[in-house]
Amino acid sequence: MSSRYDRYMNLLKPLSPDDATQGKVYIETYGCQMNFNDSEVVLSILQKEGYRYTGRMEEADVILANTCSIRDNAEQRIRGRIEQFAFQKKKRRGVLVGILGCMAERLKEELLENATVDLVAGPDSYRRLPELLAQCRVEGKGIDTLLSRDETYADITPVRLDNNGVNAFISIMRGCNNVCSYCVVPYTRGAERSRDQASIVREACQLYENGYREVTLLGQNVDSYRWVGPSQGEASEVVDFADLLEKVASVHPRLRVRFSTSYPSDISDKLLDVMAAHDNICRHIHLPVQSGSDRILEKMRRKYDRAWYLERVRTIREKIPGCGLTTDVIAGFCSETEADHRDTLSLMEEVGFDSAFMFQYSQRPGTLAARRYPDDVPPEVKTRRLNEIIALQMRKSEERYAALAGSIQTVLVEGPAKRGEGFLCGRASNYMMCVFPGKGHQPGDYVRIKITSTTPATLIGEVVE
Ligand code: 5AD
Ligand code: SF4
């Protein structure tokens with residue numbers, strides 16, 4: 001640790017009445033699951049340096065927002081929140097406000113122009129947070145937005161937030177090497193790098209020993225996971241995503257494994273075969289299609305076409321019967337015509353996704369699409385197309401859920417359901433949420449549920465004795 005850092009840390013001490021603590025940290029997270037896991041890494045780093053976590057902003061000494069830049073409305077929401085943080089700073093002297101994550105990376109110094117913001121740290125700078133916070137106390141502001149080629153936080157055990165003690169995220173890689181023309185992520189999260197496979201398996205083992213029963217392996221494109229390195233001091237081993245999934249699935253038969261996100265041109269038959277061979281690998285694939293039009297897919301620089309996508313869906317359903325399938329769709333990308341839009345609708349009709357995340361195209365500064373193509377679909381057309389996409393998906397979701405009425409599903413209990421007293425909830429292997437009256441079951445139990453009725457987003461059932 002640098003001597004400058006020690007100096008800052010020493011200066012910090014008199015600020016805190018309790019020598020054992022540097023103060024309380026509150027963190028808000030926006031965006032993807034990856035970001036949620038990053039917040040857990042951030043807390044782990046800060047706790048090691050004497051900070052304590054608080055779930056209450058009103059009592060925090062440090063307020064952090066881990067931000068998302070994926071669409072303009074995500075950034076607008078965060079700007080609104082910064083105004084709320086300003087209010088906290090007015091009420092209590094000495095409170096520090098930090099902006100972390102994708103928006104920090106995208107806007108850098110510009111964020112510091114806002115008087116409320118003291119600290120700006122990009123996704124690869126979290127190890128420096130204690131030092132940056134100390135610097136803020138002394139110099140007023142702190143910033144680090146350097147992206148790294150190799151940072152994976154492999155050795156950091158995340159502090160589990162929002163903890164039901166049943167499911168946990170494990171980041172297996174960072175960054176993204178795809179160049180989807182609409183997407184800001186390669187710019188905010190940098191180049192793709194895979195995390196040491198042994199550290200991933202170790203984390204899964206620890207989670208199982210600590211009572212967790214489901215892990216979700218996270219990456220922007222898990223199918224391009226690749227680790228080359230020595231294994232247990234032996235010769236070099238090449239581990240691709242299918243190999244990694246198999247290793248994690250072998251940790252314990254009662255530890256369920258999920259993963260997200262898959263990329264249509266990279267999802268391999270080998271992976272599907274590994275899924276089919278292990279009952280504890282959940283039968284669910286999130287496979288973003290984005291558009292059903294070949295012309296638009298090409299402009300988006302997705303590396304597959306409609307026929308390829310449909311072939312992958314067929315193979316998934318052949319190899320893994322009953323596999324849950326979900327997707328992401330963008331409405332109103334540059335130059336999208338009514339015919340292109342109808343191609344998206346017909347693809348969704350043909351596949352029948354269980355559910356989907358559906359968005360209007362939002363131009364992101366600096367991306368290829370922003371530089372090359374005008375954002376020329378009028379807002380009211382985007383909205384109308386999105387509404388048509390949502391209406392179709394609602395109908396499909398209803399059908400897909402209803403088709404499971406009468407079936408028996410193995411559900412991993414997560415905790416009480418919102419539905420009311422005595423109801424529990426948990427997910428079926430295919431990712432559908434299931435609600436049922438509990439019979440003394442605890443979070444982490446596996447229960448067999450007979451599905452008696454359904455909604456477009458929930459299976460409702462009862463325990464099979
Ligand atoms: N506008 C709208 N949606 C976007 N996504 C990514 N970038 C944009 C954008 N500029 C969507 C994609 C991706 C999901 C995470 O967010 O559908 O799969
Ligand atoms: Fe948002 Fe993408 Fe960053 Fe996740 S990686 S926080 S979705 S911009």
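I began with ligand 1 and listed what surrounds it: I70, R71, Y182, Q290, D328, I330, F359, Q360, Y361, S362 and R364, where a residue counts as near if one of its heavy atoms lies within 4 Å. This is a predicted model, in which local features need pLDDT of at least 70 and side-chain atom pairs count only at pLDDT 80 or more, while totals for chains, interfaces and linings use all residues. Residues are numbered from 1 along each chain as its sequence is written, chains are lettered from A and ligands numbered from 1 in the order in which they are written, and side-chain values use heavy atoms, with hydrogens and water left out.

I then looked up the polar contacts of ligand 1, that is, pairs of N or O atoms within 3.5 Å. An oxygen atom of ligand 1 lies 2.6 Å from a polar side-chain atom of D328, and an oxygen atom of the ligand is 3.1 Å from a polar side-chain atom of R71. A polar backbone atom of Y182 lies 3.1 Å from a nitrogen atom of ligand 1. I noted that ligand 1 taken alone exposes 390 Å², of which the protein buries 86%, by the Shrake-Rupley method with a 1.4 Å probe. Strand 15 (324–331) and strand 16 (355–360) are the elements that give two or more residues to this shell, strands being DSSP runs of E with at least two residues and helices runs of H or I with at least four, numbered from the N terminus.

Next I turned to ligand 2, which is surrounded by C32, N35, T67, C68, S69, I70, C102, V185, R189 and Q220. By class its shell has five nonpolar, four polar and one charged residues, with Ala, Val, Leu, Ile, Met, Phe, Trp, Tyr, Cys and Pro counted as nonpolar, Asp, Glu, Lys and Arg as charged, and the others, Gly among them, as polar. Ligand 2 lies between domain 1 (4–144) and domain 2 (162–282), because both give residues to its shell; the domain bounds come from an automatic or database domain assignment.

Grid points are joined across faces, edges and corners, and a volume is the space filled by probe spheres set on them. I found one cavity of 30 Å³ or more, and the largest cavity holds about 70 Å³ of space. Helix 2 (33–48) and strand 7 (167–171) each supply at least two residues of its lining.

The second largest pocket holds about 340 Å³ and is lined by 14 residues, of which R256, D279, R283, T410 and S429 lie nearest its centre. Domain 2 (162–282) and domain 4 (408–463) each give at least three residues to that lining.

Last, I checked the backbone. A cis peptide bond, with omega about 10°, joins S260 and T261, and Q290 has a positive phi of about 70° although it is not a glycine.

Key: Polar contact = N/O pair within 3.5 Å; in protein donor to acceptor, adjacent residues only side chain to side chain. 1 Å grid on protein atoms, 1.4 Å probe; cavity = no way out; pocket = protein on both sides within 12 Å on 5 of 7 lines; lining within 4 Å.
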